[in-house]
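Please look over the side-chain contacts in the model below. My notes follow as numbered points.

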Amino acid sequence: QWEVNALLAGAGGGEQRPWSRGTGAGKFPADRETLFAHHLVVFGDLPPGYLGTNELTWLREFVEKRGGGILFVDGRQEQLANYSDGPLAPLL
């Protein structure tokens, strides 16, 4: 059984609005431990600025230390290239 927490970037017009942090649906985890409670992250065509450096580091550690899964899906905007020099670079 899966519980899905979906966060969309710029849904309905491309406007960049910060995501809420916390627990529960529609919120990005507010801390590393909450993120580590997940099993899989699907990281899509996300423009820079939605996640801070510390949150990107948590995502890398989620894979490297926690053994979580991450699936990168690039889209028409090809935003994943923007992460090739940051904390996610070893995963890409």
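**Notes on aromatic pairs and salt bridges**

1. Trp19, Phe28 and Tyr50 make up one aromatic cluster. The model is predicted: local features need pLDDT of at least 70, side-chain atom pairs count only at pLDDT 80 or more, and totals for chains, interfaces and linings use all residues. Residues are numbered from 1 along each chain as its sequence is written, and side-chain values use heavy atoms, with hydrogens and water left out.

2. Rings of Phe, Tyr and Trp (its six-membered ring) pair if their centres lie within 6.5 Å; planes under 30 degrees apart are stacked, over 60 edge-to-face, the rest tilted. That rule gives 5 aromatic pairs. In one of them, the ring centres of Trp19 and Tyr50 are 5.1 Å apart and the planes stand at 45 degrees, so this pair is tilted.

3. Helices (H or I, at least four residues) and strands (E, at least two) are DSSP runs, numbered from the N terminus. Trp19 sits in the segment before β1 (20-21), and Tyr50 in the loop between β3 (40-43) and α2 (53-64), so their pair ties together parts 31 residues apart in sequence. Trp19 and Tyr50 are both buried. Here buried means under 20% relative accessible area, exposed over 50%, and partly exposed in between (1.4 Å probe, protein chains only).

4. Side chains of opposite charge can pair when their charged atoms come close. The criterion for a salt bridge is a side-chain nitrogen of Lys or Arg within 4 Å of a carboxyl oxygen of Asp or Glu. The whole structure has 4 salt bridges.

5. Glu55 bridges to Arg21, with the closest N and O atoms 2.7 Å apart. This links distant parts of the chain: Glu55 is in helix α2, Arg21 in strand β1, 34 residues apart. Glu55 is buried at 6% relative accessibility. Arg21 is partly exposed at 31%.

6. Arg32 forms a salt bridge with Glu61; the closest N and O atoms are 2.7 Å apart. Arg32 lies in helix α1 (residues 32-36) and Glu61 in helix α2, so the pair ties together parts 29 residues apart in sequence. Arg32 is partly exposed, with 26% relative accessible area. Glu61 is buried, with 13%. Arg32, Glu61 and Lys65 are linked in a salt-bridge network.

7. Arg60 forms a salt bridge with Glu64, the closest N and O atoms being 3.2 Å apart. Both belong to helix α2, 4 residues apart, and are separated by about one helical turn. Glu64 is partly exposed, with a relative accessible area of 46%.
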